[in-house]
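Please keep the model open beside you as you read.

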Amino acid sequence: MVVTFKVTGGEQGEWAVLQVSGELDLVTSPVLRQRVHDAVAEGHHCLVLDLSEVFFCDSSGVGVLIAARRLIRSCQGRLRLVLPARGAADGSHVNRVLGALGVRRLFDVYGDVDAALADEGEPLSA
């Protein structure tokens, strides 16, 4: 089985939104890291990472998310993650991994892109 990793993006108001799908691992995480850096280099300091279609995430993927958080914070920007309770096929693997590692609390997490983009949207509790 060949798994396709894809990062697509766009802009919604002041936010850059990157939709990520597939496996976020040692091989694919540099692609996401580069896309985050590209977005910041283009002047986007408000970033939503939609990880609802990521069905596997290893420590390399977590490292990219933490590095993205650090980069955005250094620009006084905002980073929001979309990690629905039932993402990809059987629940948000990324959500479980971040929780198991104790780093989920570092991120503002939302159930969908609309909630992440809304000013009144409140992050989900850890």
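The buried residues of helix 2 are Ser60, Gly61, Val62, Val64, Leu65, Ala67, Ala68, Leu71 and Ile72; buried here means under 20% relative accessible area, exposed over 50%, and partly exposed in between, with a 1.4 Å probe and protein chains only. An α-helix has 3.6 residues a turn, so residues three or four places apart point the same way. What lies over these buried positions? The cover includes strand 2 (15-24), helix 1 (29-41), strand 3 (46-57), strand 4 (78-82) and helix 3 (93-101). Helices (H or I, at least four residues) and strands (E, at least two) are DSSP runs, numbered from the N terminus.

Before going on, a word about what you are viewing: this is a predicted model, in which local features need pLDDT of at least 70 and side-chain atom pairs count only at pLDDT 80 or more, while totals for chains, interfaces and linings use all residues. Residues are numbered from 1 along each chain as its sequence is written, and side-chain values use heavy atoms, with hydrogens and water left out.

Helix 2 itself runs over residues 59-74, 16 residues in number, and spans 22 Å from its first C-alpha to its last, close to the 22 Å expected at 1.5 Å times one less than its number of residues. How is the N-terminal end of helix 2 capped? Aspartate 58 does this, with a side-chain oxygen 2.9 Å from the backbone nitrogen of serine 60. After the helix comes glutamine 76, with a positive phi near 55°.

Serine 52 sits in strand 3 and counts as buried because its relative accessibility is 14%. Its side chain makes a polar contact (2.6 Å) with the side chain of aspartate 50; such a contact is a pair of N or O atoms within 3.5 Å, where within protein one must be able to donate a hydrogen and the other to accept it, and residues adjacent in sequence count only if both atoms are side-chain atoms. Glutamate 23, in strand 2, is partly exposed because its relative accessible area is 26%.

Finally, step back to the protein chain. Its four helices and five strands follow the pattern β-β-α-β-α-β-α-β-α along the sequence. Of its 126 residues, 48% count as buried.

Definitions and conventions: Contact means heavy atoms within 4.5 Å.
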